[in-house]
Amino acid sequence: MSKIIYLDNNATSAVAPEVVDAMTPFLRDLYGNPSSIHTFGGQVARHVEQARESLAALLGADPTEIIFTSCGTESDSTAIRSALACYPDRRHVVTTRVEHPAVRNLCQWLGQPVPGRAPYRVTELPVDSQGMLGLDEFKAALDDDTAIVSVMWANNETGVLFPVDEIGALCRERGLLFHTDAVQAVGKVPINLAKQPVDMLALSGHKLHAPKGVGALYVRRGTRFAPYLMGGHQENNRRGGTESVPLIVGLGKAAELALRNLKQEQTRVRALRDRLEKGLLAKAPGARLNGHPDHRLPNTTNVSFEYVEGEAILLMLDQYGICASSGSACTTGSLEPSHVLRAMGVPFTAAHGSVRFSLSVYNTPEEIETVLEVLPPIIRRLREISPFGREQLAAAK
Ligand code: PLP
């Protein structure tokens, strides 16, 4: 395949070469089961614990607070289901309208009646036009029946950051459990759970240069917990199933690299993202930014190009090997614009033309310049062939 320009890191990220190197011995020679009594297994178990320490260091957590899982979705599900199992008398779940389906679909299912279980009361909080959550509304939603509050740390589509410290503090005041889906935040913004009031936090390896198929759930010491996967005694009886040692070791190495690269995310990656964003807003007709300009992940920009289809833009970018994402879910055949942009009140014509670019430490200034050269003429061409775009162009003349 010819060289690609990969700007879709919120979808998944390249596995770091250092991660591949760290994993390889555990795929080839060190295949022992960490639970085995023999030295061969014990040797492997030590590497699992080292990975736990590396991940704990990235989060400012204690290694005993980390449970390895198979993905972000499993971590989210485990956290929410655990809270409901531990507080069976509480029937209220508080979340937002802009969560990833890993949380949103579970919460919506909880809100429906299913045989043998009454529906939970689910509050999905709105966001404003910049994708921000109102704290007064949040506070008003909490009550003594609330079993769990699940609010993401950073939105996957817009990169908007949620006020996790304030949300956690309000939950603590009321004695409520707070879970955050930090799948997009970990490795991109500083996290220090020793100081931040979070009870449970979900993360995913493949968003931070580890492979797919591994994630983790942080559970603060002292938090009531009920396992989702019951089975063996692995993960201190909190998640049954033989540990995927190569993937766990890979996640540990990725966490080490992420800690080392955190400053670079905040400076170099942010500068590349800003250059791309400013260039597009200046050069591409009908371009507008979705999401708060400042309270955002350093690597993400979501730009709408009015009167143009996001999918058409992606297909044309694809011809240049440029990978990005669009906000409409055309794979479902419905062409429904993203629930995140709809919750923000982005007009239909703009939501349909939204494109998310998400960068990583592996991107270069040359790649950004290529996108800035290629994309504005694509938008102009697509507007010319769009009936709505033509009307706009004619009106502007
Ligand atoms: N939460 C957020 C915010 C995400 O962006 C994603 C993946 O895109 C997930 C959860 C799900 O993670 P995984 O793919 O590891 O299940």
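1. For the classes used here, Ala, Val, Leu, Ile, Met, Phe, Trp, Tyr, Cys and Pro count as nonpolar, Asp, Glu, Lys and Arg as charged, and the others, Gly among them, as polar. By that scheme, the shell around the ligand holds 4 nonpolar, 7 polar and 3 charged residues.

2. This is a predicted model, in which local features need pLDDT of at least 70 and side-chain atom pairs count only at pLDDT 80 or more, while totals for chains, interfaces and linings use all residues. Residues are numbered from 1 along each chain as its sequence is written, and side-chain values use heavy atoms, with hydrogens and water left out.

3. The ligand is surrounded by 14 residues, the closest being T73, D181, Q184, S204 and K207; a residue is near a molecule if one of its heavy atoms lies within 4 Å of it. Helix α3, residues 72–86, gives the most to this shell, with 3 residues, where helices are DSSP runs of H or I of at least four residues and strands are runs of E of at least two, numbered from the N terminus.

4. Of the 390 Å² of accessible area that the ligand has on its own, the protein covers 88%, as computed by the Shrake-Rupley method with a 1.4 Å probe.

5. As for the protein overall, its secondary structure comes to 13 helices and 13 strands.
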